[in-house]
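We will go from the whole chain down to a single side chain.

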Amino acid sequence: MPLTPDDEVQTRDELVAFVRELHQDYLRQGHDWENRTLDSFLEALAAWIADSDGWYRNFDKKLPANGDWTFIARALSAATVYE
């Protein structure tokens, strides 16, 4: 289920579909995930974001300079209370 280095999410609808598929993957085989708890998942998420320039460099890609970091932060924050 992970994105390959050449996969891209271009639209909000594609992001919604990806997150829903990620959720379904967790329901099917979450026992195989490295980070099975919210605690470890969030810590891994923060660590990957902090180190993401290395991932991009390893795949000869550029970290998006103008990523909408606020949108992602708002989405993560809203998920703590949104039904």
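A contact here means that heavy atoms lie within 4.5 Å of each other. Keep that in mind as you select the whole protein chain, which is a predicted model. Among its contacts between residues at least 6 apart in sequence, 23% join residues at least 24 apart.

**Stop one: the overall fold.** Switch to a cartoon view. You will find 3 helices and 0 strands, and the pattern along the sequence reads α-α-α. Show the C-alpha trace next: along its principal axes it spans about 35 × 25 × 25 Å.

**Stop two: the surface.** How many of the residues count as buried? Of the 83 residues in the chain, 7% do, where buried means under 20% relative accessible area.

**Stop four: a nonpolar patch.** Now select Trp 48, Ile 49, Leu 63 and Trp 69, which form a nonpolar patch on the surface. Together these residues have about 400 Å² of accessible area.

**Last stop: Leu 63.** Zoom in on this member of the patch. Where does Leu 63 sit? Its place is in the loop between α2 (38-58) and α3 (69-78). Leu 63 has a relative accessible area of 34%, so it counts as partly exposed; that class lies between the buried limit of 20% and the exposed limit of 50%.

Definitions and conventions:
Residues numbered from 1 in each chain as written. Predicted model: local features only at pLDDT ≥ 70, side-chain atom pairs only at ≥ 80, totals over all residues. Heavy atoms only, no water. Patch = residues over 30% accessible without salt bridge, like charges linked within 9 Å, V, L, I, M, F, W, Y side chains within 5 Å. Areas by Shrake-Rupley, 256 points an atom, 1.4 Å probe, with all protein chains shown as cover. Salt bridge = Lys/Arg side-chain N within 4 Å of Asp/Glu carboxyl O. Helix = DSSP H or I, 4+ residues; strand = E, 2+ residues; numbered from the N terminus. Buried < 20%, exposed > 50% of the residue type's maximum accessible area, 1.4 Å probe, protein only.
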